[in-house]
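Trainee: Could we go through this one together, starting with a helix and then moving on to the ligand?
Mentor: Gladly, let us bring it up.

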Amino acid sequence: MLRIMPSSPFAPSSCNTNIFLIGYRGTGKTTVARLLAEKLKWDWADSDQLVESRAGLSIREIFAREGEGGFREREALILDELCQRQKHVIATGGGIVLREDNRHKLRSAGRVVWLTADAGTIWQRMQEDSTTVNRRPALTVGGLAEVEQVLNAREALYRDCADGKVSTVGRSLEDIVQDILLLL
Ligand code: S3P
């Protein structure tokens with residue numbers, strides 16, 4: 001766990017901020033968000049789920065009809081809404097950091113934790129995850145090569161907006177949540 005000093009002390013019971021979980025596909029953002037919110041007695045939300053429910057379409061269908069650009073527009077609008085919330089743990093889509101504006105909004109509306117895993121682990125998890133078919137259309141060449149390529153390209157963006165990062169490889173869900181609480 002890399003620890004970066006937060007800008008102000010984090011006191012879950014009294015603060016009105018949010019916690020945003022960022023990171024590549026398959027780093028466990030949604031699962032961790034649920035458990036972290038339970039521990040903090042906060043609510044949780046998932047930006048991908050909201051994009052899908054607003055559109056009445058799966059992410060795969062949005063990509064097919066509107067291209068990645070259409071999906072990114074929808075994602076940015078949902079982020080605007082999520083930034084108005086308080087005491088929420090929010091799992092974001094892996095590409096939310098692509099827009100500078102989004103990175104700025106994340107930093108302004110809460111604490112940002114970057115969940116990490118190596119490309120091989122991510123690719124294996126994606127293959128085992130039943131949501132991959134409808135939620136994770138190919139971004140470039142597909143497969144492990146895509147994960148390596150895109151992860152490499154995005155690392156600086158995740159780092160740019162995170163208060164700290166937590167590895168999810170070989171760790172239990174409970175340990176990951178504990179690391180996040182320590183980090184903040
Ligand atoms: C994407 C990640 C997905 C989803 C969409 C695009 C990305 O979210 O937003 O398929 O660009 O990395 P998860 O990170 O929840 O899989």
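Trainee: Which residues of helix H2 are buried?
Mentor: Bearing in mind that this is a predicted model, the buried residues of H2, which spans residues 47-55, are Ser47, Asp48, Leu50, Val51 and Glu52.

Trainee: And what do they pack against?
Mentor: Those buried residues of H2 pack against strand E2 (43-46) and strand E3 (88-91), and also against helix H3 (59-83) and helix H6 (132-135).

Trainee: What happens at the start of H2, and what follows H2?
Mentor: At the start of H2, a side-chain oxygen of aspartate 46 comes within 2.9 Å of the backbone nitrogen of aspartate 48, while after H2 comes glycine 56, which has a positive phi near 65°.

Trainee: Over to the ligand: how many residues surround it?
Mentor: There are 14 residues around the ligand, and the closest are Lys29, Asp48, Arg72, Arg135 and Arg136.

Trainee: How far is the side chain of aspartate 48 from the ligand?
Mentor: An N or O atom in the side chain of aspartate 48 is 2.7 Å from a ligand oxygen; for arginine 72, a polar side-chain atom lies 2.6 Å from an oxygen atom of the ligand, and for arginine 25 the corresponding distance is 2.9 Å.

Trainee: How much of the ligand's accessible area does the protein cover?
Mentor: The protein covers 97% of the 390 Å² that the ligand has on its own.

Trainee: New topic: which residues are buried in helix H8?
Mentor: In H8 (residues 173-183), Ile176, Val177, Asp179, Ile180 and Leu183 are buried, and because they fall within an arc of 155° when seen down the axis, they line one face of the helix.

Definitions and conventions: Residues are numbered from 1 along each chain as its sequence is written. This is a predicted model: local features need pLDDT of at least 70, side-chain atom pairs count only at pLDDT 80 or more; totals for chains, interfaces and linings use all residues. Side-chain values use heavy atoms; hydrogens and water are left out. Buried means under 20% relative accessible area, exposed over 50%, partly exposed in between (1.4 Å probe, protein chains only). Helices (H or I, at least four residues) and strands (E, at least two) are DSSP runs, numbered from the N terminus. The arc is that of the directions from the helix axis to the C-beta atoms. A residue is near a molecule or strand if one of its heavy atoms lies within 4 Å of it. A polar contact is a pair of N or O atoms within 3.5 Å; within protein, one must be able to donate a hydrogen and the other to accept it, and residues adjacent in sequence count only if both atoms are side-chain atoms. Accessible areas come from the Shrake-Rupley method with a 1.4 Å probe; for residues, only the protein chains shown count as cover. Contact means heavy atoms within 4.5 Å.
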